[in-house]
Amino acid sequence: MDGGPVTVLVVDDSGPKRYLLVNWLTRAGFVTVEAENGTAALERVDREHIDLVVLDVRLPDMSGFEVCERIKEAHPSIPVIHVSAHAVDVVDRAQGLTRGADAYLAEPIEPEELVATAHAVLRYYQARRRAEQLAERLAALADATVEMHATPNFVRLLEAAASGAARIFNAPAAVVAETFDGDCLAGVAADPHTPATIVPWVVDDTGVPIGTRVRVDEPANWALAGWPDGDTVTVAASRLREDRTPLYVVVPTATQTVRTPVLVQLAQAVASAVEAQRSFDEEHRIAVTLQRSLLPQRLPDVVGLDLAVRYEPASAQTEVGGDFYELVMLDGHLLVAIGDVAGHSLHAATVMAELRHAVRAYAVEGHQPGVILDRVNELMRNLLPTELATICVLLLHPPTGVVRLASAGHLPALLSRDGRVEFVTQSAPLLGVRAPRPPDLEFVLPAGATLVLYTDGLIERRDATIDDGMAALGVAATRVDDDLDDFCRRLLVELAPPEIHDDVAVVAVRRR
């Protein structure tokens with residue numbers, strides 16, 4: 001309504017009086033429509049855009065007081081001015097105002113008084129609507145800010161920002177920003193109810209200063225969404241630092257108020273969320289680099305065996321995890337170990353490194369898997385008394401396929417051969433727990449068979465049990481790809497969720 005024509009509904013059963021009121025209001029610049037009774041007035045209010053009602057108190061079908069009450073129940077934001085030539089005493093005026101009217105004029109009415117009263121109540125309602133709209137937009141901005149900061153990656157952040165902008169302004173919206181790898185993308189929301197999409201988009205950032213600037217632009221320069229016909233777009237550009245590229249929030253100009261306060265705050269909130277995501281991603285890359293440096297850098301070449309490993313860090317976890325694996329030839333035997341230290345932190349990663357090196361050291365001394373675990377457990381209990389870990393250690397003799405295996409609370413290894421799978425289970429306490437351990441398992445890995453070891457990130461899903469995950473692994477591993485790397489990769493694709501919430505390590509050993 002701000003800045004546009006104001007439509008006034010004049011309700012009076014007297015034709016001459018209605019004509020007079022309409023004439024005064026029209027000369028003052030208002031658009032007028034008429035109704036001669038309460039029923040007609042209520043119908044017009046329900047089906048047409050009405051900004052103000054001038055309402056006689058006495059009508060042939062119902063009282064003006066009742067009409068006012070019903071208007072206010074259905075449309076509380078429409079102001080009502082009572083006019084009356086009969087109900088003019090204090091009790092009548094009090095009743096009219098008590099039952100919802102915003103003003104009460106008793107005849108004789110002067111034209112200037114009517115017009116001034118109309119402008120006064122409209123100013124109040126316009127200010128109230130602006131305040132209510134601002135409050136609604138700020139609440140939506142708070143929700144959008146929380147959603148942006150909760151996203152796990154840059155693309156999701158851009159989608160949340162575009163969807164949030166569309167909800168805030170109840171209109172199409174676009175948010176354009178550069179990824180940390182230098183690609184420029186736009187999140188586009190066609191309306192508040194449609195999920196945002198991501199498209200490539202290039203913007204000339206030349207001359208954009210630090211801070212937040214707002215400008216009006218032609219929709220053709222931002223042909224990202226179906227902008228309303230006949231309107232321009234308002235673009236907020238926000239840049240936090242000289243070494244950062246600006247980002248842009250684009251919305252229809254008709255949605256904006258003076259000084260565009262919410263748009264400016266939204267652009268700053270998006271910039272802040274992008275900067276936080278950038279820091280998060282940089283820390284995550286450093287963490288992953290550190291974790292990978294603690295794992296074996298290459299696999300041994302072993303005659304008669306094919307080896308493959310796959311390690312994927314948690315996609316939404318900045319801190320490094322405690323998953324680890326080991327493959328090394330010692331005195332004619334292949335040592336294979338896989339484990340998981342409880343927790344996700346730099347400390348968990350350092351514990352993981354200590355355990356891995358301890359396993360190697362005790363294996364070099366010539367101990368069997370069970371003895372290795374006993375000694376590692378004793379080491380943990382003395383030097384790392386608050387830590388817990390699971391681990392599976394085995395020694396494989398390649399010429400004969402003989403395997404000696406010991407586990408400490410780890411998930412059972414899987415044996416796949418000729419389309420059949422079985423789990424090699426050994427119940428034993430975790431590392432860090434003082435309890436008797438069972439003797440080593442001894443079995444033969446037949447020619448053509450594949451042994452798979454893994455950590456729980458491969459089979460644990462938030463929407464399924466561990467038994468469901470192991471059953472799914474059994475189905476996926478009935479077929480082993482010719483290329484063992486492809487096999488490990490396929491297991492992750494088929495079993496791990498799209499966004500990995502826990503580190504995943506997979507080791508596959510196939511005897512030719």
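Trainee: At the start of H11, what does a side-chain oxygen of Asp483 reach?

Mentor: That oxygen of Asp483 comes to within 2.8 Å of the backbone nitrogen of Asp485. This is a predicted model, in which local features need pLDDT of at least 70, side-chain atom pairs count only at pLDDT 80 or more, and totals for chains, interfaces and linings use all residues. Residues are numbered from 1 along each chain as its sequence is written, and side-chain values use heavy atoms, with hydrogens and water left out.

Trainee: What should the span of helix H11 be?

Mentor: Helices are DSSP runs of H or I with at least four residues, and strands are runs of E with at least two, numbered from the N terminus. The expected span is 1.5 Å times one less than the number of residues. For the twelve residues of H11 (residues 484-495) this gives 16 Å, and the end C-alpha atoms are 16 Å apart, which agrees.

Trainee: Which residues in H11 are buried?

Mentor: They are Leu484, Phe487, Cys488, Arg490, Leu491, Leu492 and Leu495. Buried means under 20% relative accessible area, exposed over 50%, and partly exposed in between (1.4 Å probe, protein chains only).

Trainee: On to salt bridges: how many does the structure hold?

Mentor: The structure holds 31, each a side-chain nitrogen of Lys or Arg within 4 Å of a carboxyl oxygen of Asp or Glu. One of them joins Asp301 and Arg298 (3.9 Å, N to O).

Trainee: Is Asp301 buried or exposed?

Mentor: Asp301 counts as exposed because its relative accessibility is 71%. Arg298 is also exposed, at 59%.

Trainee: Which residues are linked in a network?

Mentor: Salt bridges link Asp12, Lys17, Asp56 and Glu107 in a network.

Technical notes:
A polar contact is a pair of N or O atoms within 3.5 Å; within protein, one must be able to donate a hydrogen and the other to accept it, and residues adjacent in sequence count only if both atoms are side-chain atoms.
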